Amino acid sequence: MKRVRGALVVVSLFNALAALGGGVSLLLPGAAGVPLSSIEGAGFSSFLVPALLLLFVIGGTQMLAAVTALRRARHWLFWSAFAGFALVIWVFVELAIMGAYSFLHGVCFGSGLLQLIGVLLRLNVWSDPTA
């Protein structure tokens, strides 16, 4: 089970760094080549709010998941699951708003899903109840 916890730490740190990179790139002029028109339908006039959400909500929960797992805090599995769900939901909402898919959407969705699978493995959800 130490391997699962270690893998969840690595996935959480990867996701936190990806959220940091994505959030910072949205704050820079040019917003990483993403046109502002791609989010205007959601009521945003700039990338500021999405960037801050990505940095603090997605990146923050991922970092919290990593730190609590490293410290073996009581609720570390909760934060890993919370961060994984938050990332998966972020990708779905982003796709719904933008209406366009990029390779990074697949990477982020897959990473969030991998995080959720790790939580389920750690909880022994797939163990044989008759054994």
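User: What share of the contacts in the chain with a separation of 6 or more comes from residues 24 or more positions apart, and what makes a pair a contact?

Analyst: A pair is in contact when heavy atoms lie within 4.5 Å, and residues 24 or more positions apart account for 69% of the contacts in the chain with a separation of 6 or more. This is a predicted model, in which local features need pLDDT of at least 70 and side-chain atom pairs count only at pLDDT 80 or more, while totals for chains, interfaces and linings use all residues. Residues are numbered from 1 along each chain as its sequence is written, and side-chain values use heavy atoms, with hydrogens and water left out.

User: How many helices and strands are there in the chain, and what makes a run count as one or the other?

Analyst: Helices are DSSP runs of H or I with at least four residues and strands are runs of E with at least two, numbered from the N terminus. By that rule the chain has 4 helices and 0 strands, and its elements run α-α-α-α from the N terminus on. The C-alpha atoms fill a box of roughly 55 × 30 × 20 Å along the principal axes.

User: Why is Ser-12 called buried?

Analyst: Buried means under 20% relative accessible area, exposed means over 50%, and partly exposed lies in between, with a 1.4 Å probe and protein chains only. Ser-12 has 0% relative accessibility and therefore counts as buried. Ser-12 sits in helix H1 and, leaving aside its neighbours within four places in sequence, is in contact with Gln-62, Ala-65, Ala-66 and Gln-115. In the chain as a whole, buried residues make up 35% of the 131 residues.

User: What makes the approach of the Ser-12 side chain to Leu-8 a polar contact?

Analyst: A polar contact is a pair of N or O atoms within 3.5 Å; within protein, one must be able to donate a hydrogen and the other to accept it, and residues adjacent in sequence count only if both atoms are side-chain atoms. A polar atom of the Ser-12 side chain lies 2.8 Å from the backbone oxygen of Leu-8, and this distance is within the 3.5 Å limit.

User: How do you know whether Thr-61 and Gly-59 are buried or exposed?

Analyst: Thr-61 has a relative accessible area of 11%, so Thr-61 is buried, and Gly-59 counts as buried because its relative accessibility is 8%. Thr-61 is found in helix H2, and Gly-59 also lies in helix H2. Not counting residues up to four places away in sequence, Gly-59 touches Ala-16, Ala-19 and Leu-54, whereas the contacts of Thr-61 include Trp-79, Phe-82 and Ala-86.

User: Which label does Leu-17 receive, and which does Gly-41 receive?

Analyst: Leu-17 has a relative accessible area of 57% and is therefore exposed, although its place is in helix H1. Gly-41, found in the loop between H1 and H2, is exposed because its relative accessible area is 83%.

User: What makes the phi of Arg-72 and of Asn-124 worth a remark?

Analyst: Most residues other than glycine have a negative phi. Arg-72 is not a glycine, yet has a positive phi of about 55 degrees, and Asn-124, also not a glycine, has a positive phi of about 55 degrees. Arg-72 is in the loop between H2 and H3 and counts as exposed because its relative accessibility is 54%. Asn-124 is in the segment after H4, and its relative accessible area of 41% is why Asn-124 is called partly exposed.

User: How large is the volume of the largest pocket, and what makes a space a pocket?

Analyst: On a 1 Å grid over the protein atoms alone, a pocket is an open set of points with protein on both sides within 12 Å along at least five of seven lines, whereas a cavity is a set where a 1.4 Å probe fits but cannot get out; lining residues have an atom within 4 Å of a point. The largest pocket has a volume of about 710 Å³, a volume being the space filled by probe spheres set on points that are joined across faces, edges and corners. Of the 31 residues that line the largest pocket, the closest to its centre are Leu-26, Leu-54, Trp-90, Glu-94 and His-105.
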